[in-house]
Amino acid sequence: MSVRTLPLLFLNLGGEMLYILDQRLRAQNIPGDKARKVLNDIISTMFNRKFMEELFKPQELYSKKALRTVYDRLAHASIMRLNQASMDKLYDLMTMAFKYQVLLCPRPKDVLLVTFNHLDAIKEFIRDSPTILHQVDETFRQLTEVYGSLSAGEFQLIRQTLLIFFQDLHIRVSIFLKDRVQNSNGRFVLPVSGPVPWGTEVPGLIRMFNNRGKEVKKVRFEHGGNYVTAPKEGSFELYGDRVLKLGTNMYSVNRPVETHMSGASKNLASRTEENITPNPLAKEELNFLARLMGGMEIKKPSGPEPGFRLNLFTTDEEEEQAALTRPEELSYEVINIQATQDQQRNKELARIMGEFEITDQPRWSTSKGEDLLAMMDEL
């Protein structure tokens, strides 16, 4: 497992989240000033300096539910609110989109180009906000500094870590199904055509050498695909042609997007339900959440501007039905962490989570602080 994976995972999932929210804000005809405020608030929180400092520290990936909690708070960093079913759908879309992008990366290093595509698009959302734009550019600089000198082997380890994180997720997405890049069981279809990775040759030729390194024989074979040489390498500079299109906004054309759990995924989920046995990493995960969420510094909205609810479904009835039919073990409403008692850390996390609450006051008592499950549930 690579300890350099978390920033790439967070930034790419965050980019996909912003694409989806932007599409839904437009689809629901939210006034332009409110929509801009939502995106600006979320991006400002996402790229907060202290938060980025915590994010870029070398560390192992934690559970999907722990990361989901961070995105839940991030999505509610402005005046917008999402119901549980809409938040579930949002997270499903985010994860499946980035999983697809990781699978299709020609080279492991190209996951960095995917990240830059997300950052380029995010900068378009905030082009009229120079302060937030500076925050994004600073994160770009950090990415270049940390990942610019990594070897191909280190990027391969990062890619494998990402694929392990996504390996049990097989959620069907309507866009992918219509474009025939995803099967009905939720698994993606890998192409056998298009450009090969930069710096490699089109398959179809085997060269044989003698013990002196001299080529003595060539054998051609049918590879069954339709490959071409890559035209050029994507740019890793602040401004440049990334060449790779993975990570760009697939919602720029307004299309309805639905998610469905495949039968295989439901069965797998039921077999992999979280064990109630204490996890030896639970305390570290608790500390991770406290540090990461503490760095967010979500500010409470000022002024009398009312909030609004965003629905990721076509109608309220569809949203209610989705909430009823989603398997319980796939709900991200709570985090099941049975940690050893650590009152000081729990109080700190309770304080941080209390700062995230914008409208309703938290209702937990100090006696409930030792169980993160209960504490998250009551927010």
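R107 sits in the loop between α5 (84-104) and α6 (110-125). Helices here are DSSP runs of H or I with at least four residues, strands are runs of E with at least two, and both are numbered from the N terminus. R107 counts as buried because its relative accessibility is 15%. Buried means under 20% relative accessible area, exposed means over 50%, and partly exposed lies in between, with a 1.4 Å probe and protein chains only. Leaving out residues up to four places away in sequence, R107 touches P197, W198, E233 and F236. Contact means heavy atoms within 4.5 Å.

This is a predicted model, in which local features need pLDDT of at least 70 and side-chain atom pairs count only at pLDDT 80 or more, while totals for chains, interfaces and linings use all residues. Residues are numbered from 1 along each chain as its sequence is written, and side-chain values use heavy atoms, with hydrogens and water left out.

Now the whole chain. It has 14 helices and eight strands. Of its 379 residues, 49% are buried. Among contacts with a separation of 6 or more, 80% join residues 24 or more positions apart.

Start at helix α1 (residues 6-27). It packs against helix α7 (residues 130-147) at an angle of about 145°, with the axes 12 Å apart. Axes are lines fitted to C-alpha atoms, for helices over the stretch in contact, and angles run from 0 to 180 degrees between N-to-C directions. The crossing of α1 past α7 is left-handed. That term applies if the near helix is turned anticlockwise from the far one by less than a right angle; clockwise gives right-handed. On the α1 side, the contact uses P7, L8 and L11; on the α7 side, T139, L143 and Y147. By class, this contact holds five nonpolar residues, one polar and no charged. Ala, Val, Leu, Ile, Met, Phe, Trp, Tyr, Cys and Pro count as nonpolar, Asp, Glu, Lys and Arg as charged, and the others, Gly among them, as polar.

Most residues other than glycine have a negative phi. N29 counts as exposed because its relative accessibility is 65%.

V243 also has a positive phi, about 65°, and is not a glycine. Its loop runs between β6 (226-228) and β7 (259-261). V243 counts as partly exposed, at 26% relative accessibility.

Next, two helices by span. The expected span is 1.5 Å times one less than the number of residues. Helix α4 (residues 64-75) has 12 residues and reaches 16 Å from first C-alpha to last, close to the 16 Å expected. This helix is mostly covered, with 11 of its 12 residues buried.

Last, Q182. It lies in the loop between α9 (174-178) and β3 (193-195). Q182 counts as buried, at 4% relative accessibility. Beyond its neighbours within four places in sequence, Q182 is in contact with M96, I171, R172, V173, F176, L177, R187, F188 and V189. Q182 and Y100 are 82 residues apart in sequence, yet 9.2 Å apart in space, C-alpha to C-alpha. A polar atom of the Q182 side chain lies 3.0 Å from the backbone oxygen of G186.

Definitions and conventions:
A polar contact is a pair of N or O atoms within 3.5 Å; within protein, one must be able to donate a hydrogen and the other to accept it, and residues adjacent in sequence count only if both atoms are side-chain atoms.
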